[in-house]
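This report walks through the arrangement of the chains, then the domains, sheets and helix pairs within them. Please keep the sequence and the model in view while reading.

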Number of protein chains: 2
Amino acid sequence: MNIGIIGGGSIGLLVSGFLSLKHNITIYVQREEQKNAINRNGLIIGERKTSRVRSLLINELSNEDCLIICVKQPQLKLLIPILHSLGDKIPLIFLQNGMGHIEFIKSLDKTIYVGIVEHGAIRKSDNRVLHTGKGLIRLATFKGHSNQLNDLLKALNVDDFPIKKSSHWKQLLSEKLVVNAVINPLTTLFGIKNRQINEDPHVNYLARQLCKEAATVLGMDVNEEWSKVKEIAKLTGDNTSSMLVDMNNKRETELEAITGYLLAHSNQDIPYTSFVYHSIKALERKNGIY
Amino acid sequence: MNIGIIGGGSIGLLVSGFLSLKHNITIYVQREEQKNAINRNGLIIGERKTSRVRSLLINELSNEDCLIICVKQPQLKLLIPILHSLGDKIPLIFLQNGMGHIEFIKSLDKTIYVGIVEHGAIRKSDNRVLHTGKGLIRLATFKGHSNQLNDLLKALNVDDFPIKKSSHWKQLLSEKLVVNAVINPLTTLFGIKNRQINEDPHVNYLARQLCKEAATVLGMDVNEEWSKVKEIAKLTGDNTSSMLVDMNNKRETELEAITGYLLAHSNQDIPYTSFVYHSIKALERKNGIY
């Protein structure tokens, strides 16, 4: 297949690298500099140089058999007009955190799958990414027929890079959203590794309150979600959360897609969530991000 | 008069320096090193060297005509047995922030005044303090007769260092407590100057919530207290709050006396106050303070 990957961040590069073992990949990026780096020096995962990968700018987007959108939610709105202009037959896969993107993609009259990424990845340069945690990608049908997803999964499937099917997109994204709504803002606010969610009793207390509020807004079981949060904080203990990485790099965070989504969709006060929302905004402002 | 000042922090040194213009001062300190620094090199306020000031260790406490207790609340509990053993005639003046000390001093069968300090002061070394903001000390009777306080104020009074009487100790401490409960934890959490309470819209939002909760717990008018908070954040805009100074110096903060007091005395949920309480605790732990 000819697969287009939109976005040259850590997840875009990681997905490109693995899928290129079996497919022709075009990575669509925003900066000429990154396009040139990939085309001149190739895409490198860890120490392995990939083949069958080229890069174009996003405005050079052409027909592909499948498009996987890996930009973060803040960049997504710029992309929507371009996606509207595509042919109806190209299936689109959206891999954003949070649920802020749902509002955007609702309006697209295409076959759409949404998914979550459970891999750890760090982009080291414009054409090099490290795979720091082996995981899964889980996909669910958002618009279109579920059996089409089966065919697509069969085609995409590559050894060592499993892509699994989930039945309910809302359930799938909600679970990841709760985890992100707890771990991301707290690790960013305090500048701590994920393990501190379990290890610092005061961070743990706040985490429990955030989990309770997020699960309540999304209609999920609080205790079940809390067990998952603790488990993931443990499994990714040494990791720096993506929001803290963004903050440290003075990039806009995914706050709106995660915490902002909960605030916008709650019909009661969620003060702990409100507190982290305004805190991360204050830190973004202090760092000159907005 | 012979006046004993307990505590060689910024406020202890400042009060000692001004009162020594008219009185014999003994500063009681915890560390031999500080005692020696003051006795060998004298106490210096800004560039002015004082006379009539000597230093002893706290366990060398002897009879004084009046004792002014300037240690912070976390150090106060260590002092209570010593204060119990003093003669009943010595009036005690307590100048702690917050209201955590009220529980401690209730049990003392003495004449007690409590007060608040509106001066800015920074301790530069064991025997040198800068007077960074001219203000007032306000005192109110906690135990004993109010007319005794009139006599004491007349005796203590020194030019350029006004000490005024307030009628109601609870009102006096509550007003300061609200201001401290808003400005101290937020400036510490975000590492910002006091002015940001007014200038950053997100910090301002959180400040308003904290003010509302604190005023409610203390039975005060929210709008009136909010005006005072904004006014003081403006007047002290360039200042680093005492809690942030403590955190930066890896010292235990006055969190328990301020935010902790509110949590212990509220009969309803105060989630914004709870959030800053656990946040500052988490930062204290991260900094190895406890």
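Predicted model: local features only at pLDDT ≥ 70, side-chain atom pairs only at ≥ 80, totals over all residues.

**How the chains meet**

The contact between the chains involves 16 residues of chain A and 16 residues of chain B. On the side of chain A that touches chain B, the elements giving two or more residues are helix 8 (201-217) and helix 12 (271-286) of chain A, and helix 12 of chain A gives the most, with 9 residues. Sorted by class, this side of chain A has 10 nonpolar, 2 polar and 4 charged residues. Because 100% of the interface residues of chain A are also interface residues in chain B, the copies meet through the same surface.

**Domains of chain A**

Chain A is divided into domain 1, covering 2-167, and domain 2, covering 172-283, and the C-alpha centres of these two domains of chain A lie 25 Å apart. Where the domains touch, 16 residues of domain 1 of chain A are in contact with 14 residues of domain 2 of chain A. On the domain 1 side of this contact, at least two residues each are supplied by helix 3 (73-84), helix 4 (100-106), strand 8 (112-117) and strand 11 (137-143) of chain A. By class, the residues on that side of domain 1 of chain A divide into 5 nonpolar, 9 polar and 2 charged.

**Sheets**

Strands of a sheet pair through backbone hydrogen bonds, either parallel or antiparallel. In chain A, 4 strands form an open sheet in the order 4-3-10-9, with mixed pairing. Strand 4 (48-49) and strand 9 (120-125) of chain A stand at its edges and have a single partner strand each, so one side of each is left without a neighbour in the sheet. Strand 9 of chain A pairs with strand 10 (residues 128-133) of chain A in the antiparallel sense over 5 bridges, and in strand 10 of chain A the bridge partner of Ile122(A) is Leu130(A). Helix 1 (residues 10-19) of chain A packs on this sheet, where it touches strand 3 (44-45), strand 9 and strand 10 of chain A, and its direction makes about 100° with that of strand 9 of chain A.

In chain B, 8 strands form an open sheet of mixed pairing, in the order 5-2-1-6-7-8-11-12. Its edge strands are strand 5 (53-57) and strand 12 (163-165) of chain B, each of which pairs on one side only, and the twist from one strand to the next averages 25°. Within this chain, strand 8 (residues 112-117) and strand 11 (residues 137-143) of chain B run antiparallel and are joined by 6 bridges; the partner of Ile116(B) in strand 11 of chain B is Arg138(B). Helix 2 (residues 32-41) of chain B lies across strand 2 (24-29) and strand 5 of chain B, running at about 160° to strand 5 of chain B.

| Helix pair | Angle | Axes apart |
|---|---|---|
| Helix 6 (residues 169-190) and helix 8 of chain A | about 145° | 9 Å |
| Helix 7 (residues 169-190) and helix 10 (residues 222-235) of chain B | about 60° | 10 Å |

Helix 6 of chain A passes helix 8 of chain A in a right-handed crossing. Among the residues that meet there are Leu177(A), Val178(A) and Phe190(A) in helix 6 of chain A, and Leu206(A), Leu210(A) and Cys211(A) in helix 8 of chain A. By class, this contact has 13 nonpolar, no polar and no charged residues.

Helix 7 of chain B likewise passes helix 10 of chain B in a right-handed crossing. The contact is made by residues including Glu175(B), Val179(B) and Ile183(B) of helix 7 of chain B, and Glu225(B), Lys228(B) and Ile232(B) of helix 10 of chain B. The residues of this contact of helix 7 with helix 10 of chain B divide into 7 nonpolar, no polar and 3 charged.

Technical notes: Residues numbered from 1 in each chain as written. Chains lettered and ligands numbered in written order. Contact = placed C-beta atoms within 7 Å. Nonpolar A, V, L, I, M, F, W, Y, C, P; charged D, E, K, R; others polar. Pairing = 2+ DSSP bridges. Axes fitted to C-alpha atoms, helices over the stretch in contact; angles between N-to-C directions. Domains from an automatic or database assignment. Left-handed = near helix turned anticlockwise from the far one by under 90°.
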